[in-house]
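Hi,

Here is the structure I promised to pass on.

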Amino acid sequence: MKQEATKKIILEKALELFSERGYDAVSVGDIAAATGVKAPSLYNHFKSKQAIFEAIVEETSSRYEKDTNKINIHVQNAPQDFPHFEQIAEAALFEKVRQIFEYSLHDTVVSRFRKMLTIEQFRSPELAALFSGRYVDRMIDYHARIFEDLIAAGELAPENPKTLALLYVAPVITLLGVCDRQPEREEECLARLENHVRLFFNTYNLKARAAQTPNAPEPQPAPAPAEAIEKTQNGQPCPRANEKKGSETK
C-alpha cells in the first residue's frame, strides 16, 4: 500500500514540474527532491523519466474518461452519446459544453497535463502529435460523428460534418488556451463560449432556423446559366430560345 502511495506522489509531483518547466527541463533528481525521496529510491518505482511520463499519460487518460463519463461525454464512443444530443435544447447544449470546459480547466491533473503538452509541443514531435491527437483530432472526430448522425436524423443542416465539427470545437480550444494563460479572464471566456454555442445552434439546428423565419419560402433550384444549350430528346443540341425568337422575326 505504501509503495502505491509513493508512486502516486511521484506522478503528481512529476506532472506538476512538467507543467511548470516542460518535460525536458525536469530531471529525475528534480522529481525525487519534490517527492521527498532519494533518486536511487525513485528507480525502485519507475525505471526512467520516460516511464514516469508514460504512467502520467495512462493515468490522465483513465481519469478523463472516468470523469467525463459522468456527464455523458464518451469521446472514445460517439454513438453512445448520440441520444444525449438528439433533440437537445439550446440551453442544454451550452450546459454540456460548460461542464466539460470547466472540468478541463479546473481538474488539476487534466489541466497540468494540457499545460505540459502546450509547452512541449514545439520541442518534441512526439508530444506535438500527442497534443494534436488528444485536443484537436479526437475532439473533431467525436463531434463529426455526432453531427453526421444529427444530419441523418434531419436535425442539423446538411453540411460537411468535419467542417461543422471544426467550427464548433475551435473556439472552445481557443478559449481554454486563453484561460490557461490568463486565469483572470475565465468569466469573460465563459460568456464568449455561451455566445458561440448559441450562435452555432441557431445557425445549424434546422428547427431553430425555422423558428427564426417561420414564413420563409422554400428554396428554389438555381436557374440554368443563360448560355446553357438546350437538348432535344435525341441528345442533339438545338438553338437557344432567344435564337429561335430571332429567327422567327426574320
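Q87 sits in the loop between α5 and α6. (Helices, H or I with at least four residues, and strands, E with at least two, are DSSP runs numbered from the N terminus.) Before I go on: this is a predicted model, where local features need pLDDT of at least 70 and side-chain atom pairs count only at pLDDT 80 or more, while totals for chains, interfaces and linings use all residues. Residues are numbered from 1 along each chain as its sequence is written, and side-chain values use heavy atoms, with hydrogens and water left out.

Back to Q87: its phi is positive, about 60°, although Q87 is not a glycine. Most residues other than glycine have a negative phi. N72 also has a positive phi of about 60° without being a glycine, and you'll find N72 in the loop between α4 and α5 (78-85). N72 counts as partly exposed because its relative accessibility is 28%. (Buried means under 20% relative accessible area, exposed over 50%, and partly exposed in between, with a 1.4 Å probe and protein chains only.)

**The whole chain**

The protein chain has 12 helices and zero strands. Of its 250 residues, 37% count as buried. Among contacts (heavy atoms within 4.5 Å) with a separation of 6 or more, 61% are between residues 24 or more positions apart.

**Helix α9**

Buried residues of α9 include L164, A165, Y168, V169 and V172. What covers the buried residues of α9 includes α6 (90-106), α7 (108-120), α8 (125-152) and α10 (186-204). From α8, H143 is in contact with A165, Y168 and V169, leaving aside neighbours within four places in sequence. H143 is buried because its relative accessible area is 9%.

**A pocket and a cavity**

Which helix gives the most to the lining of the largest pocket? That is α9, with nine residues. The largest pocket holds about 620 Å³ of space and is lined by 31 residues, of which R114, Y135, V172, I173 and L176 lie nearest its centre. The elements giving two or more residues to this lining are α4 (49-69), α6, α7, α8 and α9.

How these are found: on a 1 Å grid over the protein atoms alone, a cavity is a set of points where a 1.4 Å probe fits but cannot get out, and a pocket is an open set with protein on both sides within 12 Å along at least five of seven lines; lining residues have an atom within 4 Å of a point. Grid points are joined across faces, edges and corners, and a volume is the space filled by probe spheres set on the points.

By this rule there is one cavity of 30 Å³ or more. The largest cavity has a volume of about 130 Å³, and its lining includes F85, I88, Y168 and F200. α10 gives the most to that lining, with three residues.

K96 lies in helix α6 and counts as buried because its relative accessibility is 12%. Leaving aside neighbours within four places in sequence, the contacts of K96 are I71, N72, I73, H84, F85 and I88.

D107, in the loop between α6 and α7, is buried, with a relative accessible area of 11%. D107 and D67 are 40 residues apart in sequence and 9.8 Å apart in space, C-alpha to C-alpha. A polar contact of 3.0 Å joins the side chains of D107 and R63. (A polar contact is a pair of N or O atoms within 3.5 Å; within protein, one must be able to donate a hydrogen and the other to accept it, and residues adjacent in sequence count only if both atoms are side-chain atoms.)

Cheers
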